[in-house]
Every structure is written in structure tokens, then in C-alpha cells.
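Please walk me through this structure in the viewer, one selection at a time. I would like to know what to select next and what is there.

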Amino acid sequence: MTMKRVFTGSPFEEKIGYCRAVVAGGFVHVAGTVGQGDDVVEQCKAALTTISNALTEAGSDLSKTVRVTYYLPDAAEFEPCWPVLREAFGANPPAATMIEANLIDPKFRIEIEVTALAG
């Protein structure tokens, strides 16, 4: 099986030993992604931009997303993100799960992980 790895240059890729995305078996698997911003909505938008860029580099895009998982330390902060997510996925909504969990740093309010069709 051929695999392609997508790196963004984040220092954590080297420190932790991962890449932003892996293309394998007809899918693009994008690692959990956080974004910078002052609130959960800004962070959500930033994370989606990083994810979208990784998908593009992998030869895919958000419209081909088949599964998305959202991780938030406070489930009550999920609803303000809904309009951003609806805009991002548009007429191609993926299967989705939201999990309340601690993230790597308390400043992060949302982490997003996607799987999309390759090509």
C-alpha cells in the first residue's frame, strides 16, 4: 500500500512524532487539529483552515469528508461553532461525533479530526 504523509511544519510534528495527515487506503486521515484564537469560534475557524489546507495538499477537500470528530473541554461551547461547521461542510455533511475531553493545553477550546476520501 502506498502512503503519503502531509506535514505543516508545526514544531509539535517533530516533538511528538506525527504528521498532519496521512493518505492511505483511499482515505485522508487528518490528525486532531487545534487553532489559534481568543474564543472557541475563532479557534474552530482556524482549525478548519489548517485541516482544509492539509486536505488540499493531500488531493482532497472538505466536501469529501466522511467523518469528523470534535473534542471540546466544555460541551456547552460546541453550539456557537455550529454555524461555522455548517458553512464549512455545506451540502456535504459528514458523520460526526462530539466528545467532551481535556485537550493538550487549557487555552485550546476545540480540536477537530477528520477522515476524507482521497483524490
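Start by selecting leucine 55, which sits in helix H2; helices (H or I, at least four residues) and strands (E, at least two) are DSSP runs, numbered from the N terminus. Leucine 55 has 0% relative accessibility and therefore counts as buried. Here buried means under 20% relative accessible area, exposed means over 50%, and partly exposed is in between, with a 1.4 Å probe and protein chains only. The model is predicted: local features need pLDDT of at least 70 and side-chain atom pairs count only at pLDDT 80 or more, while totals for chains, interfaces and linings use all residues. Residues are numbered from 1 along each chain as its sequence is written, and side-chain values use heavy atoms, with hydrogens and water left out.

Keep leucine 55 selected and show what surrounds it. Not counting residues up to four places away in sequence, leucine 55 touches Val28, Val30, Ser60, Asp61, Leu62, Thr65, Val114 and Ala116, where contact means heavy atoms within 4.5 Å. Valine 22 is 33 residues from leucine 55 along the chain, and their C-alpha atoms are separated by 9.6 Å.

Next, select asparagine 53, also found in helix H2. Its relative accessibility is 49%, so asparagine 53 counts as partly exposed. A C-alpha distance of 9.0 Å separates asparagine 53 from threonine 8, and the two are 45 residues apart along the chain.

Then move to alanine 47, placed in helix H2. Is alanine 47 buried or exposed? At 0% relative accessibility, alanine 47 is buried. Leaving aside neighbours within four places in sequence, alanine 47 is in contact with Thr33, Val34, Gly35 and Ile112. From alanine 47 to glycine 32 is 9.1 Å, C-alpha to C-alpha, for a pair 15 residues apart in sequence.

Now select two whole helices. Two packed helices are described by the angle between their axes and the distance between the axes. Helix H2 (residues 40-57) packs with helix H3 (residues 82-89) at an angle of about 20°, and their axes are 9 Å apart. Axes are lines fitted to C-alpha atoms, for helices over the stretch in contact, and angles run from 0 to 180 degrees between N-to-C directions. H2 and H3 are therefore roughly parallel to each other; angles under 35 degrees count as roughly parallel, over 145 as roughly antiparallel, 65 to 115 as roughly perpendicular and the rest as oblique. On the H2 side the contact is made by Val41, Cys44, Lys45 and Leu48, and on the H3 side by Val84, Leu85, Ala88 and Phe89.

The structure holds one, a salt bridge being a side-chain nitrogen of Lys or Arg within 4 Å of a carboxyl oxygen of Asp or Glu. Glutamate 77 pairs with arginine 109, and the closest N and O atoms are 2.9 Å apart. Glutamate 77 is in the loop between strand E4 (65-72) and H3, and arginine 109 in the loop between strand E5 (95-100) and strand E6 (111-117), so the pair ties together parts that are 32 residues apart in sequence. Glutamate 77 is partly exposed at 21% relative accessibility, and arginine 109 is partly exposed with a relative accessible area of 21%.

Finish at proline 93, in the loop between H3 and E5. Proline 93 is exposed, its relative accessible area being 62%. Arginine 67 is 26 residues from proline 93 in sequence and 8.7 Å from it in space, C-alpha to C-alpha.
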